[in-house]
Amino acid sequence: MSVQMRVLSVLLRGLYKPRMATAERARKAINAVKADPAPPARAAARHRVHRRSLEGFDCYTVIPRSVPAPAKAVIYLHGGAYIDEITKEHWSFVFALADAGMRVEVPIYGLAPRHTHREAFPFLTAVYRDLLQTCEAEAVFLAGDSAGGGLALALAQDLAASALPRPGRLILLSPWLDITMSHPDIPVVERRDPWLSSVGLIEAGRAWAAGDDPRDPRLSPVHGDLAGLPPVELFVGTHDVLYPDALLLRERAPHDVQVNLHVVRGAFHVYVLTPVPEGRHAIATIAQILQKS
């Protein structure tokens with residue numbers, strides 16, 4: 001584990017972990033005013049950015065100026081426990097994917113408590129279907145971090161049920177795969193996690209579920225049908241409270257579904273999006289995987 005990772009772990013524990021450490025604080029965060037999802041102004045320097053509306057929600061398309069018509073595309077679903085909007089760290093990852101020669105679609109799905117998973121799937125399916133008008137399915141990749149990673153896996157499962165062709169690959173960064181947080185190993189890992197608290201995540205998951213069964217595969221895709229999925233690249237750290245469910249996904253996957261687990265010892269939640277050497281290495285690895293796919 002790098003020095004930068006150790007230092008950032010200490011900062012996260014002091015600055016961010018308390019925000020969702022109790023149910024009361026979590027409910028306050030759930031009901032807080034959402035941030036502006038628009039990409040930072042610097043995006044225009046190296047990328048062409050276009051916004052359009054589908055199913056009542058915005059979707060941004062980011063294309064590198066150096067590659068006018070990319071042959072490959074990524075649908076990227078941002079994290080934030082289904083309650084927080086996309087951040088500059090997420091946008092930096094989007095720009096890195098674009099710099100690797102990808103067209104990147106960034107759906108701005110509705111957040112709890114105003115919106116729920118019931119609205120997300122028609123919107124995301126429309127984004128995917130629209131992309132298939134210009135890209136072959138095997139050249140489309142689904143990516144997501146944290147809640148967005150769980151949503152990406154759930155979408156992949158849902159696409160199969162809708163008889164749509166499967167995407168070429170899944171890129172999951174510290175995915176939230178079970179909103180019940182019921183894995184028996186979570187309490188042990190949670191003591192090492194400098195960022196996330198299961199009690200707060202459970203509250204956020206309830207808001208996103210809006211009364212539906214939290215074990216429904218659209219909410220907790222690790223319990224869904226994993227047959228027929230494309231290859232999965234899963235990046236996670238051992239100090240991430242979501243690590244046990246990442247291991248469970250690989251364990252539950254059928255033998256013909258390839259789940260490549262990229263584990264970093266001592267890494268915290270979504271380390272890939274942070275300014276640490278391990279994160280930069282992971283982004284370079286992801287770019288290489290997508291370019292070769």
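Residues are classed as buried under 20% relative accessible area, exposed over 50% and partly exposed in between (1.4 Å probe, protein chains only). The structure is a predicted model, in which local features need pLDDT of at least 70 and side-chain atom pairs count only at pLDDT 80 or more, while totals for chains, interfaces and linings use all residues. Numbering runs from 1 along each chain as its sequence is written, and side-chain values use heavy atoms, with hydrogens and water left out.

Helices are DSSP runs (H or I, at least four residues), numbered from the N terminus. In H2, the buried residues are Ala23, Ala26, Ala29 and Ile30. These residues lie on the same side of H2, because they cover an arc of only 120° around the axis, the arc being that of the directions from the helix axis to the C-beta atoms. An α-helix has 3.6 residues a turn, so residues three or four places apart point the same way. The buried residues of H2 pack against helix H8 (198-209), with contact meaning heavy atoms within 4.5 Å. Exposed residues Glu24 and Lys28 are carried on the face of H2 turned away from the buried side.

Tyrosine 16 is located in the loop between helix H1 (3-15) and helix H2 (23-30). With a relative accessible area of 46%, tyrosine 16 is partly exposed.

Threonine 285, in helix H10 (residues 277-292), counts as buried because its relative accessibility is 18%. Leaving aside residues up to four places away in sequence, threonine 285 touches Phe235 and His262.

Definitions and conventions
Helix = DSSP H or I, 4+ residues; strand = E, 2+ residues; numbered from the N terminus.
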